[in-house]
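Reader: I am new to this structure and would like to go through it with care. Could you take me through it by way of a few questions?

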Amino acid sequence: MSERRKNVLSWDEYFMGIAKLSAMRSKDPCTQVGSCIVSIDNKILSMGYNGFPIGCADKDFPWGKNGDFFDSKYAYAVHSELNAILNYRGGSLEGTRLYVTLFPCNECAKAIIQAGIKEIVYDSDQYADSDAVKASKRMLDAAKIGYRRHIASGKQIQMEV
Ligand SMILES: [Zn+2]
């Protein structure tokens, strides 16, 4: 077989696919977000999805968005980007690229900048008008972290698990 295989996934499709698959692990009933951090030479270093910290069981903590801060997910959930950063125990993330299914909030932007991540590839930017995302872009711009939207090719990936 000398003929090359057609329709091979591009790096962007591959890593965004991993981010989307990671999002499917989230137990948040409203918003599932996934992340994948890769090295300059396209090796996967870490993955994450939004969830509660280790030891904070889903049955004991709230996934609701309303009511008191203490009784809402906002007090407890770790975002996918921060989880991906914290899940990496291999050393430095300097110069890496982050794939994320939703544009990072301001809190994650802080962690992304401080971790040394240099580029963000995102899928959805559905909260672009929120203060959290505006503040995020303000910091990312100042820190010269590049971000670009993933252009979906429309390729369908089907798997049985
Ligand atoms: Zn965040």
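Reader: What is the handedness of the crossing of α3 and α4?

Author: This is a predicted model, in which local features need pLDDT of at least 70, side-chain atom pairs count only at pLDDT 80 or more, and totals for chains, interfaces and linings use all residues. Residues are numbered from 1 along each chain as its sequence is written, and side-chain values use heavy atoms, with hydrogens and water left out. A crossing is left-handed if the near helix is turned anticlockwise from the far one by less than a right angle, and right-handed if clockwise; that of α3 and α4 is right-handed.

Reader: Which residues make the contact?

Author: Contact means heavy atoms within 4.5 Å. On the side of α4 the residues are A132, A135, S136, M139 and L140, and on the side of α3 they are N106, A109, K110 and I113.

Reader: Which atoms coordinate the zinc ion?

Author: Donors are N, O and S atoms within 2.8 Å of the metal (3.2 Å for Na, K and Ca), and water is not among the atoms, so sites may look incomplete. Along the chain the donors of the zinc ion follow the spacing H-x25-C-x2-C. At 2.0 to 2.3 Å, the coordinating atoms are ND1 of H79, SG of C105 and SG of C108.

Reader: Is C105 buried or exposed?

Author: Buried means under 20% relative accessible area, exposed over 50%, and partly exposed in between (1.4 Å probe, protein chains only). H79 has 36% relative accessibility and therefore counts as partly exposed. C105 has 14% relative accessibility, so C105 counts as buried.

How values were computed. Helix = DSSP H or I, 4+ residues; strand = E, 2+ residues; numbered from the N terminus.
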